[in-house]
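Let me put it up here and look around.

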Amino acid sequence: MTPSARVQAAIEILDEVIASAVADGPPADAIVSRYFKTRRYAGSKDRRAVRELVFGAIRRSGERPVSGRAAMAGLSTDEPELAALFDGSAHGPGPITDDEERAGASVIPEWLMAELSPLVTADNWPALLVRAPLDLRCNIASTTCEAMLEAFEGAVPTPMSPWGIRLPSDSKVDDSQAFLNGLVEVQDEGSQLIAFACQPRDGIRIVDLCAGAGGKSLALAAAAPVAEILACDTNRARLANLPPRAERAGAKIDIRLLDGGREAQQLADWEGQADVVLVDAPCSGSGTWRRNPEGRWRLTPARLGRLAALQARLLEIAAPLVKPGGSLVYAVCSILQREGAGQISAFLGRHSSWKVQEALPFGRRDGDGRLLTPGQDGTDGFFVARLERSC
Ligand SMILES: C[S@@+](CC[C@H](N)C(=O)[O-])C[C@H]1O[C@@H](n2cnc3c(N)ncnc32)[C@H](O)[C@@H]1O
C-alpha cells in the first residue's frame, strides 16, 4: 500500500469506529481486524501502520469526530507529514479542506469533565491514554510468581499486586506453555487488586455478582482454592467463557445465570450467607480508556444515567446476600465520581447498618473508597470500596 492508501484505509476504518460508537457496536480493535480480513493485499507492515494511524486519531480526539476524514485531518495537525498524504492520488484521500483543519486535541469530552473524580486533575489526564503494559496474574494455586518471572522474558513484578508480573505491551502470551497450562491469566494489576480487596481465604463463601467472563472469580479461586465461589451474570455469552478458563486453571467455581429483574429471587438461597459479595458493576469503562480510547465517544449523559441506576440496583441486590459481619466489595473500572464514591455515599445514606472498611493499602482515598489511576498507580482506573454489614 502507498502511504496515501494507508491514510485512506485509516479514514474508512475510523468511519466504522465512529458509527460503532453511536450504535454501541464492536470496539475499534475488532473493526481493524475485520477490515483487513477482506483485504489480503495489505501486508503486516501496512496493517501495523494503519492501526497506528487509527489509534493515533482516536487518542487525540476526546469528542467524537464527525467523520473519519475529520479525525485524520485532526491528527495531521500534529503530524504535518500526514497532511501531505491527502494528495488525491489513486487510492489516497483528497486534499484537506479549510473546514476540516484545526480540530483541537482533547483528552476528556467536555461534558464529562464535571463528572470526574476530584482526584483526576488535568495533570492526570495524559496518562489516561498512554498505552497500557501487559499484566499477567500468576495462578498461585499452581505456580509462583518467581517461576513465571523466569518463564517470560522481560517480566518484572507488578509493584502492588502480590500475584502479578508485568511484560512489555506488545508481548505475546496466548501461545506460551505457561498460559496454555493455566499458570497465568492476562489481567491488569488494578483488576487483580479488586480481587485482593475481597481478602480471599480458604473456607469462606463468596458471591461474584457481576462475574462476566470470570476474571475476578478466577483470581479469587487461585488465591483461595478451598473457598466456595458463586459466579453470576445476566449475560449468558460472557459467563460461558468462565468454565473453560476455570478448567484450564484447575479452579472450582459455581456458576449461575441470572435474569435481569429476577436476580433477588434467584439468589434467595444465598440470603445472609456470603462472607463476601463482590459487585464488579457495569460502568462507563472510563478507567480503561488507555485500552479503548474510543470508549470516550460511546458514553452519553443518558447512558451514564442508566449505568448509575443499574449500579445502585446491583448494590441493593448484593446487600442482603452478605451475612452479618461479612463484607460487600464494590468496584467499577471508572474514574467518574457518580459511579464510584458517589454511589457508595448514596448506599450508606440508604443503609445505616453498614460500616466502611479499608479496601486497599494502595491507591488514593476517594470518599469512602480507593481510587487507582493510570497516572498515579500505573493501573487501569478503578474505584473500590469495602463495606461491612454490622447486623
Ligand atoms: C465490569 S463487567 C464484569 C467483569 C468481570 N467481573 C471480570 O472481572 O472480568 C460487569 C458485568 O455485569 C453484568 N451485569 C449487568 N447487569 C447485571 C445484573 N443485573 N446482574 C448481574 N450481572 C449483571 C454484565 O453482563 C457484565 O458482564
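I started at L209, which touches C232, D233, L258, L267, L278, V279, L314, I317 and A318, leaving out residues up to four places away in sequence; contact here means heavy atoms within 4.5 Å.

A note on my source: this is a predicted model, in which local features need pLDDT of at least 70, side-chain atom pairs count only at pLDDT 80 or more, and totals for chains, interfaces and linings use all residues. Residues are numbered from 1 along each chain as its sequence is written, and side-chain values use heavy atoms, with hydrogens and water left out.

Next I looked up the largest nonpolar core: it has 45 residues, and L209, V279, L328 and Y330 touch the most other members. Such a core is a set of buried Ala, Val, Leu, Ile, Met, Phe, Trp, Tyr and Cys residues joined through side-chain atoms within 4.5 Å, where buried means under 20% relative accessible area, exposed over 50% and partly exposed in between (1.4 Å probe, protein chains only). I found that α14 gives the most to this core, six residues. A second, separate core of 32 residues includes L193, L218, V276 and F382.

Then I turned to the rings: which residues form one aromatic cluster? They are W163, F196 and F362. F196 and F362 make a tilted pair, 6.5 Å centre to centre with 40 degrees between the planes (rings of Phe, Tyr and Trp, the last by its six-membered ring, pair if their centres lie within 6.5 Å; planes under 30 degrees apart count as stacked, over 60 as edge-to-face and the rest as tilted). I also noted that F196 is partly exposed, at 28% relative accessible area.

Technical notes
Helices (H or I, at least four residues) and strands (E, at least two) are DSSP runs, numbered from the N terminus.
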